[in-house]
Amino acid sequence: MNKSPSHQLLLIGLPGTGKTSYLAALWYMVNQSNVDCRLKLAKLDGNSKYLNNIRDAWLEYRPVPRNSLDSETVVSMALEDRETGLPLGLSFPDLSGESFRLQWTKRELTSGYDEQLRKASGGILFVHPNGIVKPHRIDTLNALVDALGVAGPEEDVRGDNVLLKQWDIEKAPTQVQLVELLQFISNREYFRAPFRLAILVSAWDVVTALHQTPVDWVSRQLPLLRQFLECNEGMFDVAFYGVSAQGGRYASSLFSESDFKDTFLVRLREKRDPVSSWLCEQLDEAAQSALRENAANQASGTLPSLVVQNVNKVIAKASIYDQGRFTNVELRSETKALINITGLAASVQQREETIRMNRLLLEDTYPSEVLRTRQNDIEVSALHQKLPARRVSLVGADIKNPHDITEPLQWLMR
Ligand SMILES: Nc1nc2c(ncn2[C@@H]2O[C@H](COP(=O)(O)OP(=O)(O)OP(=O)(O)O)[C@@H](O)[C@H]2O)c(=O)[nH]1
Ligand SMILES: [Mg+2]
């Protein structure tokens, strides 16, 4: 390992790629005395409130809060190598994925990011397997165009009923955005090659292909990125990892049909309380007529899936909390705590928490009509049975301990 005790590492990744979840699990692991983790906390360094908050969410199987552009936090850890006793100061900015997106869409970087980049001795690039925007191959598109009988680019299509869609920079393939991010970094005047970069495929538990290594995965899913790194070996020194920081998927707060009893439908239709009245009005026309039909047929059984889809859309869109609307509802303390999180009502960054809060609000409003169980309960209960330190797992070429979340850090600090 490097003799220098201090390292500044950059966490790089587009929004929602698992940066904060990794930090949360890391903070838990380095604080334990009897776990398989080579690095341990030597002493508290600075304010650990943020780290404690995200760790608590991790321990309670809750998604960590998403970072917004105006809430960028630099976290520091004074660590020690359990084997060599060597001290290591680590500092990571937990930047919002939006800062990285800005580099691509606006060709801007926040001053905070620039400052961290200048000081960084290496970085971790996070990629989430579920968030990949794939490129369209020209041969596939040509075949599609032929099949649809759409005019070619040289023909004038303005008069026909063909709408030419404008290119949307936000929808550019993930690999293009990532290569651009790395080029952006390497073009800074202070960039020093080779820059150590751990490519971390997060949420490895959702990657289903057996015997696939993280390098294989990147080569197949992000071939341009892989090619870029291969062609620029002198610029970026890379290692690939697959990491599950959560250990599995958390319970989804979205509803499934079996979560509702028939009586929910009745309350919704009769609009006798402010929440039912408001919620019914949020449903689209098709769902409202399904509700009326259900009344006319005196149908029993599951609620039409249309209504469930509508309710899910409502709870995923924004906070449904309004003091007047919920004034007669007895809210449990967990719901109140979520309502009190500053800015939750307005922030789109905190989508998962907003959905969870909305779900709790509806469960509190309809205590006998809505079940409190969650989708993917079997997977979730398997996750709950694991010891916290065993939730974390890693794969990669030189992994010595598959439960040691600090393996990529050890490689970066060598
Ligand atoms: N299944 C699974 N999901 C994960 C894992 N790690 C993170 N996630 C999910 O990935 C999503 C994004 O995770 P975050 O840690 O908030 O990602 P981030 O990069 O910090 O996001 P921003 O702050 O928006 O930039 C959340 O829904 C997490 O629950 C994992 O190990 N397994
Ligand atoms: Mg984050």
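Visitor: Is strand β7 (residues 236–244) largely enclosed by the rest of the structure or largely open, and how many of its residues are buried?

Guide: Please keep in mind that this is a predicted model. A residue counts as buried when its relative accessible area is under 20%, and F236, with a value of 2%, is therefore buried. Counting along strand β7, which covers residues 236–244, shows that the strand is largely enclosed by the rest of the structure, because the number of buried residues among its 9 is 7.

Visitor: Which strands are joined to β7 by bridges, and which of them runs antiparallel to it?

Guide: Strand β6 (residues 195–201) is joined to β7 by 7 bridges, and these two strands run parallel; within this pairing, I199 has F240 of β7 as its bridge partner. Another pairing is made by 4 bridges, with V243 and L394 as bridge partners, and here the strand that runs antiparallel to β7 is β8 (residues 393–396).

Visitor: What kind of aromatic pair do Y22 and F126 form?

Guide: The search of the whole structure finds 12 aromatic pairs. In the pair of Y22 and F126, the ring centres are 5.7 Å apart and the planes meet at 65°. Planes over 60 degrees apart count as edge-to-face, so the pair of Y22 and F126 is edge-to-face.

Visitor: How many residues apart are Y22 and F126, and which elements hold them?

Guide: Both Y22 and F126 are buried. Y22 belongs to helix α1 (residues 19–30), whereas F126 belongs to strand β5 (residues 122–127), and the pair thus links distant parts of the chain, with a separation of 104 residues.

Visitor: Which residues are linked by ring pairs into a cluster with F228 and F236?

Guide: F228 and F236 themselves form a tilted aromatic pair, with 6.2 Å from centre to centre and 50° between the planes. F228 counts as buried because its relative accessibility is 10%, and F236 is buried too, at 2%. The ring pairs that link these two into a cluster also bring in F191 and F195.

Visitor: Which residue has its charged end over the ring of W58?

Guide: A charge can sit over the face of an aromatic ring, as R196 does over W411, at 4.6 Å from the ring centre. For W58, the charged end lies 4.0 Å from the centre of the ring, and the residue that provides it is R391.

Visitor: Is P65 buried, partly exposed or exposed?

Guide: P65 is found in the loop between α2 (49–59) and β3 (73–81). Its relative accessible area is 32%, and values between 20% and 50% are the range for this class, so P65 is partly exposed.

Notes
Residues are numbered from 1 along each chain as its sequence is written. Chains are lettered from A and ligands numbered from 1 in the order in which they are written. This is a predicted model: local features need pLDDT of at least 70, side-chain atom pairs count only at pLDDT 80 or more; totals for chains, interfaces and linings use all residues. Side-chain values use heavy atoms; hydrogens and water are left out. Rings of Phe, Tyr and Trp (its six-membered ring) pair if their centres lie within 6.5 Å; planes under 30 degrees apart count as stacked, over 60 as edge-to-face and the rest as tilted. Buried means under 20% relative accessible area, exposed over 50%, partly exposed in between (1.4 Å probe, protein chains only). A charge sits over a ring if NZ of Lys or CZ of Arg is within 6 Å of the ring centre and within 35 degrees of the ring normal. Two strands pair if DSSP finds at least two bridges between them.
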